[in-house]
Amino acid sequence: MRSPALKPIPPQPSPAAGDGLPFRIAPHNLDAEQALLGAILINNEAADKVSNFLEPRHFFEPIHGKIYEIALRLIQDGKRATPVTLKTYFENEEPLGELTVPQYLGRLAALATTIINAEDYGRAIYDLSVRRDLILLGEDIVNTAYDSPIEKPPQAQIEEAEQRLYNLAEKGKYGSGFLSFAWATTEAIEMTSRAFQRDGGLSGLSTGLKDLDYTLGGLQNSDLIILAGRPSMGKTALATNIAFNVARAYRTRKNERGEEETVDGAVVGFFSLEMSAEQLATRIIAEQAQIPSEKMRRGKIDEREFHRLVQVAQDLQSLPLFIDHTGGLSIAQLAARARRLKRQKGLGLIVVDYLQLLTGSSRRSSEGRVQEVSEITTGLKALAKELNVPILALSQLSRQVENREDKRPQLADLRESGSIEQDADVVMFVFREEYYVARREPSITKVEEHQKWQDEMDQAQGIAEVIIGKQRHGPTGTVRLQFQAEVTRFSDLSTPDHMPARTR
């Protein structure tokens, strides 16, 4: 309970929008603020219950926020926060009605009863602060829409409003703090159980390629997976194949609580910064219909092939694969759009094609490309953890690969490799020997050399290697796949002497 003498200066009412409407005071609860501060002053352990989410700015009454801030500072320095120790910080403050601030501190402590409800008081104070922030945010949105500045078209205003709303929603999340080892072991066993019960023994999303799944264990939630390669190696084709396979496998069911939960596959968000949505769709349709996309573009198909294309296109329309082909996206814009898709559709996998086409903040870009790419990869890794989904990001390789006799890429070949290699959980390279062998064809008049070259082509034709150069949770090594260049399709390699993978 609270004495009337405890009342601080009454808050000033703020007018509602429009003339003639009654004045409205922003939502607040002075009783909860006084009760919490009193509890902290009589027992500093009460601060431990709220300090991980409650900040001084969340208090409606400014003097309450200042009392809370100084009390926390003293407690964090290993000192006691009492009316006596706080007194010296407030001797020059304006009186609160009939009481000086030091007297007010003593009254807060004298009338406090228990710390049991301290967290409840803190949550009430925080929730009311969020409501006040929502009011201010809404007013800003209305004012900006009325002013309609030239540099802020409606779409930019919407994205800014979404970002501010998301930031507001996340302000109270400071992580879960320390977790017991018992909780961690339970989660580990549950992950192992899911892998044991699932076809293929995977704990992550299946790529649809058995040999790749065997080495990776699937695409793991919260992992940043880099897929790199030189031009024409097929990295976009592989990413598109994986995205399609994951979306095609998407299945849900209702759990005991009546909620939809994912059984297999996932909703896929594909950020295509280089190719248009139509080009990606053409690739997927060509792959599924087994008709070269070149023939589709030139219209060189017969009636039977056309009907097959139409049937495949109809079958693919219900696929939970969403493509954003906006060019020049910033990492902040990509994150905002991914969060929106997560809220609306239940996003389970993000593909970014490709990393070097993203932009960072203007501050980082002014510091140089290496710093900008570092911000981008750090942002992608943070987004993967935040949304708890795997992010498959494609990356270019530097030209130094072409200067070596063995063209197989290495970690050092990554552009701005320091940040990319450091932030990634998995780094994979796509390599096709056939591409380089085809460009070494000797003159047909040199019979012996040409025959030797033809033997090399026969061995390399249709074979692709996925070189796993880094994997935090498993082995590195090489996975060999079949690649049909005409329909840009990767598949499992099926030969009599086929081994799943070479690992080291």
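1. **Ground rules.** The model is predicted: local features need pLDDT of at least 70, side-chain atom pairs count only at pLDDT 80 or more, and totals for chains, interfaces and linings use all residues. Residues are numbered from 1 along each chain as its sequence is written, and side-chain values use heavy atoms, with hydrogens and water left out.

2. **Confidence.** pLDDT is the predictor's confidence in each residue, from 0 to 100. The chain averages 79. A score of at least 70 is reached by 83% of the residues. Residues 14–21 stay under 50. For that stretch the model has 7 contacts (heavy atoms within 4.5 Å) beyond four places in sequence. Residues 496–500 are also below 50. Beyond near neighbours in sequence, residues 496–500 have 5 contacts in the model.

3. **Overall make-up.** The chain has 504 residues, and 42% of them are buried. Buried means under 20% relative accessible area, exposed over 50%, partly exposed in between (1.4 Å probe, protein chains only). Secondary structure comes to 19 helices and 14 strands. These are DSSP runs, numbered from the N terminus: helices are H or I with at least four residues, strands E with at least two. Take the contacts between residues at least 6 apart in sequence: 67% join residues at least 24 apart. Accessible surface is about 27600 Å², by the Shrake-Rupley method with a 1.4 Å probe. Carbon and sulfur atoms hold 51% of this surface.

4. **Main core.** A nonpolar core is a set of buried Ala, Val, Leu, Ile, Met, Phe, Trp, Tyr and Cys residues joined through side-chain atoms within 4.5 Å. The largest has 80 residues. Ile226, Ile350, Leu380 and Met428 touch the most other members. Helix 10 (residues 235–248) gives the most to this core, with 8 residues. Beyond four places in sequence, the contacts of Ile350 include Gly269, Phe271, Ala338, Leu383 and Leu392.

5. **Second core.** A separate core has 37 residues, among them Ala32, Leu37, Leu72 and Val130. In soluble globular proteins, nonpolar side chains tend to be buried together.

6. **Leu108.** Leu108 sits in helix 5 (residues 101–111). Its relative accessible area is 2%, so Leu108 is buried. Leu36 is 72 residues away in sequence, yet the C-alpha to C-alpha distance to Leu108 is 9.3 Å.

7. **Asp425, two partners.** The model has 11 salt bridges, each a side-chain nitrogen of Lys or Arg within 4 Å of a carboxyl oxygen of Asp or Glu. Asp425 pairs with Lys381, closest N and O atoms 2.7 Å apart. Asp425 lies in the loop between helix 17 (417–423) and strand 10 (426–431) and Lys381 in helix 16 (residues 369–387), so the pair ties together parts 44 residues apart in sequence. Asp425 and Lys381 are both buried. Asp425 also meets Arg472 in a salt bridge, at 2.8 Å, N to O. Arg472 is in the loop between strand 11 (463–471) and strand 12 (477–484), 47 residues from Asp425.

8. **Other salt bridges.** Arg73 and Glu69 meet at 3.9 Å, N to O. Both lie in helix 3 (residues 62–76), 4 residues apart, about one turn of the helix. Arg73 is partly exposed at 44%, and Glu69 is partly exposed at 38%. Elsewhere, Glu55, Arg57 and Asp133 are linked in a network of salt bridges.
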